[in-house]
Amino acid sequence: MTMSKPANTPARPFFSSGPCAKPPGWEASKLATESLGRSHRAKIGKSRLQLAIDLMREVLQVPDTHRIGIVPGSDTGAIEMAMWTMLGARPVTMLAWESFGEGWVTDVNKQLKLNATVLNAPYGEIPDLSAVDFSNDVVFTWNGTTSGARVPNGDWIADDREGLTFNDATSAVFAYDMPWDKLDVTTFSWQKVLGGEGAHGVLILGPRAVERLENYTPAWPLPKVFRLMSKGALAEGVFKGETINTPSMLAVEDVIFALDWAKSVGGLQSLMGRSDANAAALGKIVADRTWLGHLAADEATRSKTSVCLTVEGADEAFIKKFAALLEAEGAAYDIAGYRDAPPGLRIWCGATVDTADIEALGPWLDWAYSQLTS
């Protein structure tokens, strides 16, 4: 027997894992527009780009030792730029436990042909971090968006490392406390925990990464959008709002709104707290249902942003129908798991989602399951 539709629907049923829910209270009419239609190289364009950088530094608590730049191509562009410009000076270790990490392995081994050591783990798990050799450069994803598994913290990263750490943090920043002293290269995009728009990446370089750029020239040619050196010196303008290519000033104004919102709710600690509360609310939903489970079984390495769930007896077709039922009712958008992951659900619990909406989702999951199994 199927159950009746729940009376209470999430007020904002935006549970996509990227682009993610806009910040609460967001409206397009609230965005500043004075920079639109102007050159990004004009004083107003540069000042707004610099403001976005300054706000990211403030909210993320990035030390002055680290440079922050806005680069093309979303997080993919940022991590590719880092790998193509800095890898090759030392042996490389790659950590991969989901589709994006596997993609970086493909690029390093098949495109750059660096014959990296690869430490793998299946979806829902992470590799043995104690096996990492920090005499190598190390490339890893802090939070596996498509698998719901993450590193537990930064304690496993050696303080006396000889190589550089390359941290793809796109589903992690603003939700976890980043140990900046252990992170030489960090990349992310605005469309995850900030709920910003896509196409722009952020590249954060520590002093050891800058030293690598200034003292190492890769053996392969670099396209213009990857070049961080100019006339033998670091292109400092990239880290002062002088982007390599033309940015969307509308996307810049959008992320300024999101960062202002982040400050208004209490900054980094509040953002992390909101993600924690959302993940806990979803965890309670899972614990109360025998047919739901976590793909990442170990809570210590379970994501609190891109939470991936298993559904008893579900295959890909079942999940598609399940997600479509909820979308048609306006109860949940875009919660089917990633196409390369095991069939299941993926529910974003980042800071721009309200906990009340996660709580309201539970009965709707019951309803959709009853529709397909009764």
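Start on the inside: a search of the whole structure turns up one cavity of 30 Å³ or more. A cavity here is a set of points, on a 1 Å grid over the protein atoms alone, where a 1.4 Å probe fits but cannot get out; lining residues have an atom within 4 Å of a point. Before you click further, note that this is a predicted model, where local features need pLDDT of at least 70, side-chain atom pairs count only at pLDDT 80 or more, and totals for chains, interfaces and linings use all residues. Residues are numbered from 1 along each chain as its sequence is written, and side-chain values use heavy atoms, with hydrogens and water left out.

Now select Thr-146, Leu-295, Cys-308, Leu-309, Gly-337, Tyr-338, Ala-341, Pro-342, Pro-343, Gly-344, Leu-345 and Arg-346, which line the largest cavity. About 50 Å³ of space lies in there, a volume being the space filled by probe spheres set on the grid points, which are joined across faces, edges and corners. Strand E13 (306-311) and strand E14 (345-348) each give at least two residues to that lining. Helices (H or I, at least four residues) and strands (E, at least two) are DSSP runs, numbered from the N terminus.

Stay with the cysteines. With a disulfide taken as a pair of cysteine sulfur atoms within 2.5 Å, the count comes to zero.

Next stop, the largest pocket, with about 250 Å³ of space. A pocket is an open set of points with protein on both sides within 12 Å along at least five of seven lines. Select Thr-76, Phe-100, Thr-170, Gln-191 and Lys-192, which lie nearest the centre among the 18 lining residues. Then colour helix H2 (74-86) and helix H3 (99-111), each supplying at least two lining residues; H2 has the largest share, three.

Finish at Ser-4, in the segment before helix H1 (43-60). Ser-4 is exposed, at 60% relative accessibility. Draw a C-alpha to C-alpha distance from Ser-4 to Pro-23: 31 Å in space, 19 residues apart in sequence.

Notes:
Buried means under 20% relative accessible area, exposed over 50%, partly exposed in between (1.4 Å probe, protein chains only).
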